[in-house]
Amino acid sequence: MITPLIIALPKGRILKEALPLLARIGIVPEPDFTDESSRKLTFATSRDDVRVIRVRSFDVATFVAFGAAQLGIAGNDVLMEFDFSEIYAPVDLGIGHCRLSVAQPASLDPDLSRLSHVRVATKYPGLTRRHFAARGLQAEVIKLNGAMELAPLVGLSSRIVDLVSTGKTLAENGLVEVEVIAEVTSRLIANRAAFKTDARVVAIIDAMRELTENSPETGNAAAA
């Protein structure tokens, strides 16, 4: 019996953009996969040798790095945060466009170079510390998993580092972007050991690379 290949997919907005891409290379999850009430943990696909799992976006990288999944889809924000050497990220899928930014109340001085210390709330503690250290600033980082915009409003932190799409939520809470740390898109990622030993991993990567390079919607991002 062939051991199934496992693909880890992120819950939420990215999943809706990723499923059509997978379908175009012949991988369609069973109907239960999109049923939020389903208690299943792994799901069959249109390929007998491929199964998918649905996990939190931050957990995709962990599943792939430790070999529990051979492939996954994760934003480069997650990859930068964890920086797993076991992960190979060969294809920019050109989906999930947003940016990772520093934001603060509009009343504060936007020139961060005037500061020597900053308190920041974020779900990216490692990335945030590295970013501010590179700028010569000592960052006191408070890790939060959500409701980031609330932190400056109640005095938990003066600034936040978070994903921004339209900026509408920031504006509604009196916050402004003062610095973009990175542009973010989702990548097809692979466990390096699986990439070297499993021909199916290479075949899926090649198919997805060809798809994104030839797609008018994703081609430019994939080539960036």
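Glycine 72, with a relative accessibility of 0%, counts as buried, where buried means under 20% relative accessible area, exposed over 50%, and partly exposed in between (1.4 Å probe, protein chains only). This glycine belongs to strand S4, and helices (H or I, at least four residues) and strands (E, at least two) are here DSSP runs, numbered from the N terminus. When neighbours within four places in sequence are left aside, glycine 72 is in contact (heavy atoms within 4.5 Å) with Ile7, Ala8, Val60, Val64, Arg187, Leu188 and Ile189. Its C-alpha atom lies 9.4 Å from that of alanine 89, which is 17 residues apart from glycine 72 in sequence.

The model is predicted, with local features needing pLDDT of at least 70 and side-chain atom pairs counting only at pLDDT 80 or more, whereas totals for chains, interfaces and linings use all residues. Residues are numbered from 1 along each chain as its sequence is written, and side-chain values use heavy atoms, with hydrogens and water left out.

Strands S1 (residues 5-10) and S3 (residues 50-55) run parallel and are joined by six bridges, and leucine 9 has arginine 54 in S3 as its bridge partner.

A search of the whole structure finds 13 salt bridges, each defined as a side-chain nitrogen of Lys or Arg within 4 Å of a carboxyl oxygen of Asp or Glu. One of them joins arginine 99 and glutamate 177 at 2.7 Å, N to O, and this pair links distant parts of the chain, since arginine 99 is in strand S6 (residues 98-105) and glutamate 177 in strand S10, 78 residues apart. Glutamate 177 is partly exposed, with a relative accessible area of 29%. Within helix H8, arginine 209 and aspartate 206 are three residues apart and are therefore separated by about one helical turn, and their side chains meet in a salt bridge of 3.3 Å, N to O. Arginine 209 is partly exposed at 25%, as is aspartate 206 at 40%. Salt bridges that share partners join Arg47, Asp49, Asp198 and Arg200 into one network.

Valine 176, found in strand S10 (residues 175-184), is partly exposed, with a relative accessible area of 33%. Leaving aside neighbours within four places in sequence, valine 176 is in contact with Val102, Ala103, Gln104, Pro105 and Ala106.

Positive phi values in residues other than glycine were found for aspartate 83, at about 50°, and for alanine 147, near 50°. Aspartate 83 is placed in the loop between helix H3 (76-82) and strand S5 (87-92) and is exposed at 61% relative accessibility, while alanine 147, in the loop between strand S8 (138-143) and H5, is exposed at 54%.

Terms used:
Two strands pair if DSSP finds at least two bridges between them.
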